[in-house]
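Visitor: I would like to go through this model with you, one question at a time. Could you begin with the terms and then turn to the residues?

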Amino acid sequence: MIHRMMDAFNRVPESGTPQFYSSRIRVGRPVLELPTEENRQRIAAFESQIAALEAEAKPAIEVALAAWKAGLKADGNESDAAGLPEPLVTLLAKPAGERSDEDKLAIDQQLQAHFDAKVRGEFSDKIPPLAKLDRLRKNLSEYKADQIPRVMVMSDAQPRQTHVLDRGAYLSPRDEVKFATPQFLPPLPDGAPANRLGLAQWLVSPEHPLTARVQVNRIWQHFFGHGIVKTAEDFGVQSEYPIHKDLLDWLAVEFREHGWSMKHIIRGIVNSATYRQQSRITTELLQRDAENRLYARASRFRLPSMVLRDWAFSASGLLDAKIGGAPVYPYQPGEVWEALAITKERDFTYPSSSGKDLYRRSLYTFWRRTVSPANMFDASDRHRSIAQCL
């Protein structure tokens, strides 16, 4: 069954070679480019300046193009000019009287393209607007490469075959298997495709008994220190049986019927009398319910590293609560990324932020998958799934 579930994801045409966009951005195709309003405004400003400079430089460029074309004929045969592409050389080799209108148009277009790509740069120092135009185009290209958010997406264009592996050895495939859901859970909804889309539809179908329960249990754990089911990572036969099963069921239905809105569930929890209790404890309560599983008081528990950092900044009055924006790079000790610099292809210098960006909420801190932020106390390493603070 594990292999059947894996088949839904074993369809990615992953080559292991990400597309290079800039020294900061390397992602594998296919990607979605999601420019922000600020990105659009900056790009529009670049393009406006470029258009103005193109108009200013156009007469000088036309003179340079005409001079270059004339130079091709200086030796008597323009097809002998060095560096021209082969299709253009073939067209230029035709006697002028034998060229059709299509040939003449193609020659003009290809000469223009070759001049723009290979020759025009030689005139940049002699034509100031052209030099500035080239710099602006380069700046626009670098801005698009480095600043536009890109999200990698999965593709089913070339699905792989999934096999049961002999004792897990990927070099020893056995029977081929196709995607299917576990038989002890409800089947796929009618008409759902046997792929990741079908898996998503199955997970949020009204008949699915786990998705909503698991999620509201983890939300509850965030505010009370432990879930209604204490084993938040395990809802199987070896998990803890919920003491407050009816509450778990009610929260799950409430979550699903309100559009899977986490905000709705969180608002309901933090406004409840259960959450708003004092944390004082009596000897009787300590003896009867040391772990506070009956919620007769507010629990005391460890905060996750990100929340702990935000709480410290909030208590000191430094927290910047602005919503949205680019990732930030708050203070960290020197050379925290040095271990990643195994090649010279990428720059692993930590680009420290300044000003208010030092105090943005931890949610906006740039986080490398293999190196946890050193400014978050006891942060997880992301090499394994951690369902609760230990």
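Guide: Buried means under 20% relative accessible area, exposed means over 50%, and partly exposed lies in between, with a 1.4 Å probe and protein chains only. This is a predicted model, in which local features need pLDDT of at least 70 and side-chain atom pairs count only at pLDDT 80 or more, while totals for chains, interfaces and linings use all residues. Residues are numbered from 1 along each chain as its sequence is written, and side-chain values use heavy atoms, with hydrogens and water left out.

Visitor: How many salt bridges does a search of the whole structure find?
Guide: Side chains of opposite charge can pair when their charged atoms come close. A salt bridge is counted here when a side-chain nitrogen of Lys or Arg lies within 4 Å of a carboxyl oxygen of Asp or Glu. By that criterion, the number of salt bridges found in the whole structure is eleven.

Visitor: How many residues apart are Glu291 and Lys230, whose pair links distant parts of the chain?
Guide: The side chains of Glu291 and Lys230 meet in a salt bridge, with 2.9 Å from N to O. Helices (H or I, at least four residues) and strands (E, at least two) are DSSP runs, numbered from the N terminus. Glu291 belongs to the loop between α10 (283-288) and α11 (305-316), and Lys230 to the loop between α7 (211-224) and α8 (245-257), so the pair links distant parts of the chain, 61 residues apart.

Visitor: Is Glu257 buried or exposed?
Guide: Glu257 forms a salt bridge with Arg256, at 3.8 Å from N to O. Arg256 is partly exposed, with a relative accessible area of 27%. The relative accessibility of Glu257 is 58%, so Glu257 counts as exposed.

Visitor: Are Arg309 and Asp310 both buried or both exposed?
Guide: The side chains of Arg309 and Asp310 meet in a salt bridge, with an N to O distance of 4.0 Å. As for accessibility, both of these residues, Arg309 and Asp310, are buried.

Visitor: How far apart are the end C-alpha atoms of helix α5?
Guide: Helix α5 covers residues 128-147, which makes 20 residues. The expected span of a helix is 1.5 Å times one less than its number of residues, and for α5 this gives 28 Å. The separation of the end C-alpha atoms agrees with that expectation, because it is 28 Å.

Visitor: Which elements do the buried residues of α5 pack against?
Guide: Among the buried residues of α5 are Leu130, Leu133, Ala145 and Asp146. Contact means heavy atoms within 4.5 Å, and Ser22, leaving aside its neighbours within four places in sequence, is in contact with Ala145 and Asp146. Ser22 itself sits in the loop between β1 (19-20) and β2 (26-27), and it counts as buried at 10% relative accessibility. The elements against which the buried residues of α5 pack are α2 (37-72) and β4 (150-152).

Visitor: Which residues does Phe123 contact, leaving aside neighbours within four places in sequence?
Guide: Phe123 is among the residues with the most contacts inside the largest nonpolar core. With its neighbours within four places in sequence left aside, Phe123 is in contact with Ala64, Phe115 and Leu130.

Visitor: Which residues does Leu88 touch, not counting those up to four places away in sequence?
Guide: Leu88 is found in helix α3, and it counts as buried because its relative accessibility is 0%. Beyond residues up to four places away, Leu88 touches Ile107, Gln110 and Leu111.

Terms used: A nonpolar core is a set of buried Ala, Val, Leu, Ile, Met, Phe, Trp, Tyr and Cys residues joined through side-chain atoms within 4.5 Å.
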